[in-house]
Amino acid sequence: MLFRSTQPDRMPVSYKEAILNGMPPEGGLYVLDSVMDMRHFFLYMDSETTFRELISAISPILLQGELNPLSAASVAESAFDFEPELRQLDERYSILTLYNGPTGVFKDFGIAYIAALMEEFAPGDKKIMVVSAARSDTGASLAHAFHQRKNIISVILYPSGVIRGLDEKTFVENGGNIIPIQIDGVFDDCQRLVMEIMKDRDFVGRYNLTTANAINVGRLLPQTFYYLYAFIKVKKWLSGDLQFSVPCGNFGNLIAGLYAWKFGMPVNGFIAAMNANNAFANFFSEKAFTTKRRISTISPALDVCFPSNYERLLSFYNEAPLVMRNMVFPQSIDDEITRKTMKDVWKKHNIILDSHTAVAFAAAKQNAETSGDECHTIILATEHPAKQAPLVFDTLGQMAPIPEKLSLLKKECKPTACISPQIDTLESAIASCF
Ligand SMILES: *Cc1c(COP(=O)(O)O)cnc(C)c1O
């Protein structure tokens with residue numbers, strides 16, 4: 001499997017190089033360049049295969065020459081003490097639960113695996129530094145995944161506001177390897193600072209720098225694993241066509257699905273489920289895109305008007321325009337229908353959905369109505385409903401039970417430093433930790 005930059009005429013690189021670089025030195029983003037057809041490797045797997053077994057079997061083949069079967073198994077083991085869960089609701093719909101990780105969001109999958117793989121790939125003679133921007137519980141997910149990883153320092157940049165869910169024992173000043181730094185600004189300032197330092201080749205070289213933000217294509221591979229996992233769970237009883245419905249914000253999850261298709265997963269389409277922020281709906285049919293103003297909705301993770309994966313989608317489009325037009329179905333769902341869907345699913349199936357998953361569910365139904373397609377649709381459930389306790393209670397009159405690990409995320413903590421959003425202040429804040 002090789003990756004290349006979205007910038008033209010660059011040499012393809014290995015996965016290891018793509019992960020450790022974070023982004024191509026000359027700018028752009030890494031995208032999947034070439035991959036072998038993996039069909040015969042996962043077609044023999046069955047519903048008894050566990051998530052870790054699937055990864056242990058598939059990743060050394062994908063990463064031939066980079067990851068041997070023994071290391072692949074130990075990386076899968078050290079990354080995942082949680083796994084996705086597929087629940088069939090009826091003939092038409094299943095739900096793929098992706099919120100069993102430490103912070104109750106599907107992003108735990110990409111972060112857990114990239115951390116374990118970076119440890120495996122770290123050179124050994126020099127520490128690598130992973131700088132990532134974080135908001136809400138992503139910081140806790142990063143800290144959890146990177147804590148005690150050998151030869152890695154994880155710097156987490158937070159916007160202004162309260163920081164929660166980190167354990168101070170894991171901080172560098174207490175002998176750990178985590179450095180939370182608060183930036184005087186909003187999340188976009190943190191992200192801009194990450195981009196700025198990733199482009200500063202001196203800085204990158206001095207610290208062996210990379211990032212675990214979604215600009216790192218390393219986050220996408222582990223997300224392809226759960227699509228394949230869902231496929232092996234349904235393939236025994238599935239008679240007709242198969243689709244996935246994906247709640248889309250920055251479109252990383254959708255791209256992972258398209259990559260799984262490139263690996264050879266038999267699938268008929270992907271529903272790109274959006275809320276009122278549907279600036280991207282036209283893109284799939286016409287490759288045209290104009291940003292709109294951001295609208296606040298009850299599914300905030302989907303409130304994105306300029307998706308950070310735009311370049312990756314465009315690159316995929318240029319490579320396979322017919323796939324984009326004929327296999328990706330955009331649907332937009334408003335808040336009212338989102339709430340109605342939460343209620344319907346609760347009444348009919350006794351399952352509490354968070355609002356993002358409800359958008360995907362409603363989008364799947366809307367797509368079936370408009371297209372007349374009768375395929376089985378797997379809905380990606382991206383967030384634990386307990387994380388939206390007030391909304392869930394307000395909509396359903398029900399409390400979603402809170403698992404113990406999620407209640408720990410509420411604990412406040414102090415960052416190691418509070419700085420203005422500039423490279424040199426960031427560098428001195430990092431240097432003063434050692
Ligand atoms: C991040 C997030 C999304 C959007 O995922 P993308 O890969 O950015 O499209 C959807 N749902 C939840 C709960 C999220 O946190």
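A polar contact here is a pair of N or O atoms within 3.5 Å; inside the protein, one atom must be able to donate a hydrogen and the other to accept it, and residues adjacent in sequence count only if both atoms are side-chain atoms. The model is predicted, so local features need pLDDT of at least 70 and side-chain atom pairs count only at pLDDT 80 or more, while totals for chains, interfaces and linings use all residues. Residues are numbered from 1 along each chain as its sequence is written, and side-chain values use heavy atoms, with hydrogens and water left out.

Let us start with the ligand. An oxygen atom of the ligand is 2.8 Å from a polar backbone atom of G249, and a backbone N or O atom of N250 lies 2.8 Å from a ligand oxygen. For N253, the distance from a polar backbone atom to an oxygen atom of the ligand is 2.9 Å. Of the 380 Å² of accessible area that the ligand has on its own (Shrake-Rupley method, 1.4 Å probe), the protein covers 91%. In total, 15 residues surround the ligand (a heavy atom within 4 Å), and K107 and F251 are among the closest.

Next comes the sheet. Five strands form an open sheet in the order β9-β5-β6-β8-β15, with parallel pairing; strands are DSSP runs (E, at least two residues), numbered from the N terminus, and two strands pair if DSSP finds at least two bridges between them. β9 (209-210) and β15 (417-419) stand at the edges with a single partner strand each, so one side of each has no neighbour in the sheet. Strands β6 (residues 152-158) and β8 (residues 178-183) run parallel and are joined by five bridges; within β8, P180 is the bridge partner of I156.

Terms used. Helices (H or I, at least four residues) and strands (E, at least two) are DSSP runs, numbered from the N terminus.
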